[in-house]
Amino acid sequence: AVQAVVAYALCRKGALSGGHPRRMLYRTVLRYGYSQILANAPTTINITLDELFLSQTVAAANLADYAIAASITSLAYPLVVPIGSVLFPWLAAQGDGSESRRVQVRAVTASLLISSAVMAGVSLAAPWVVPFVFGKAYARVVPLVWILAPGGVFYTCSQVMGDLLRGQNRTLVVAFAQGIGAVCTVVLLFALVPIWNVRGAAITSSISYAVTFAIFMYGLMHNRGPVPPGPNTAQHNLTAT
């Protein structure tokens, strides 16, 4: 409730409140909303399915180890994802062009460098930090951190690239990439967890995030033709935010 009040106050300050509904925009907004649901549903599956699957297949202690490792390897997320959140409305307003492509290249490069640096630091520090914070009994978490670290890089960068594609009004590409990643997660969980327990789940996460990252990268590199500017999309995103 507090967040809603603050958001409304900021919208009024930015002249984003008020106005009148326009029936001609209903279909555009609904189409945009449906495409967002298609893109976000597989993402939710990718994030939650591994721990849900482990809760039914491994001991609670092993699930705790995996949950700690997954939390540690998500430390780069809040540092990198705002890049895409900031560029999304800008790209939606600008459309496709040489300047937009340069900005996208810089955004992807920055997200890769930052997330890789954070994950490298986490991987190096894990053998000392994890036992110090959680106790010596949790030293077994460290190998899981090492396995999940590449997935942390791919997942974080994929969120930025997903926002870049949404800014180009190519939400279906986001849905396709996340959908393929979800399928990989399901298949590999059933294949690897019975063999390697939670390490199999860690391998699954890193592989599925790598697949999603590769599809996102392909989608950004093979932009077929210009995408018209989308001021309505940008305004809708800013208002929703």
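Which side chains meet aspartate 163 in a salt bridge? The partner is arginine 166, with a distance of 3.2 Å from N to O, where a salt bridge is a side-chain nitrogen of Lys or Arg within 4 Å of a carboxyl oxygen of Asp or Glu. The model examined here is predicted, so that local features need pLDDT of at least 70 and side-chain atom pairs count only at pLDDT 80 or more, while totals for chains, interfaces and linings use all residues. Residues are numbered from 1 along each chain as its sequence is written, and side-chain values use heavy atoms, with hydrogens and water left out.

The secondary structure of the protein consists of nine helices and zero strands, helices being DSSP runs of H or I with at least four residues, strands runs of E with at least two, and both being numbered from the N terminus. Along its principal axes, the C-alpha trace spans about 60 × 40 × 35 Å. The accessible surface, computed by the Shrake-Rupley method with a 1.4 Å probe and, for residues, with only the protein chains shown as cover, comes to about 13200 Å², of which 69% belongs to carbon and sulfur atoms. Of the 241 residues, 42% count as buried; buried means under 20% relative accessible area, exposed over 50%, and partly exposed in between, with a 1.4 Å probe and protein chains only. Among the contacts (heavy atoms within 4.5 Å) with a separation of 6 or more, 82% are accounted for by residues 24 or more positions apart.

When neighbours within four places in sequence are left aside, leucine 54 is in contact with Leu63, Tyr66, Val193, Val198 and Ala201.

In total, three salt bridges are counted. Aspartate 163 and arginine 166 are three residues apart in helix α6, and therefore separated by about one helical turn; both residues are buried. Glutamate 99 pairs with arginine 102, the closest N and O atoms being 2.6 Å apart, and these two residues are likewise three residues apart, in helix α5. Glutamate 99 is partly exposed at 37% relative accessibility, and arginine 102 is partly exposed at 39%. Arginine 140 forms a salt bridge with aspartate 65, with 2.3 Å between the closest N and O atoms. This pair links distant parts of the chain, since arginine 140 lies in the loop between α5 and α6 and aspartate 65 in helix α3, 75 residues apart. Here arginine 140 is partly exposed at 40% relative accessibility, whereas aspartate 65 is buried at 2%.

The structure holds zero disulfides, a disulfide being a pair of cysteine sulfur atoms within 2.5 Å. The sulfur of cysteine 157 is 18 Å from the closest cysteine sulfur, that of cysteine 184, and therefore too far for a bond. Cysteine 157 is buried, with 0% relative accessibility.
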